[in-house]
Amino acid sequence: REGADVLFGRYQRPLLAYFLRRLGRKDLAEDGLQETFCRLFEQAPRLVEHPRLEAWLFTVARNVSADVCRRRRDRAASFSDLREGGIEAGIAGPAAALPDARFESRELNDLLLRTMGDMPVSEREVFLLRTHSSLSFREIAVKVGAPLNTVLSRMHRAMKRVRRAMTRDGWAEPQAQGRLP
């Protein structure tokens, strides 16, 4: 127990700084730090006489951060699945089968995909969880591990981006200045 406290005291700050640089978010960095120390404690009997414990810890930290980045990338990239049916496929009526409607639908879908591709990952994640997965804002806050107001702000910014793109490309009328519905 004392040895664990000593190791944690010695390596907590440098590992947390490493995770912050790699992951860019404090919550993810803290999770990475916790995962790294969990792995250390699981392997403790084998590591008692390890000649380079610090190198082992940072190797584990690199692997943990790579796993986190891969999971975030996979989750964020899932919006590309929308290319198949389009965002509006779930709400399209019989008129969507007409050639003009299908062409317009494809154009609008491409615009939305481009706009989402330009969004920061945090905004895109909230936007997709709300529009594609139909989660409530409270459910989204729990899922992404962010306060409700942060989730609402991210959705607001994402919607502003979508409205701007739709207005720019002629899909929507310009809003009154300084006002969004």
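Select E35 and R39, whose side chains meet in a salt bridge with N and O 2.9 Å apart; the term stands for a side-chain nitrogen of Lys or Arg within 4 Å of a carboxyl oxygen of Asp or Glu. The two residues are four apart in helix α2 (residues 26-42) and are therefore separated by about one helical turn, a helix being a DSSP run of H or I with at least four residues, numbered from the N terminus. The model is a predicted one, in which local features need pLDDT of at least 70 and side-chain atom pairs count only at pLDDT 80 or more, while totals for chains, interfaces and linings use all residues. Residues are numbered from 1 along each chain as its sequence is written, and side-chain values use heavy atoms, with hydrogens and water left out.

Now colour by accessibility: E35 is partly exposed at 32%, and R39 is partly exposed at 26%, where partly exposed lies between buried (under 20% relative accessible area) and exposed (over 50%), with a 1.4 Å probe and protein chains only.

D67 is partly exposed, at 23%, and salt bridges with shared partners join E35, R39 and D67 into one network.

Finally, select R25 and D27, which form a salt bridge with closest N and O atoms 2.7 Å apart; D27 is partly exposed, at 26%. In total, the structure holds six salt bridges.
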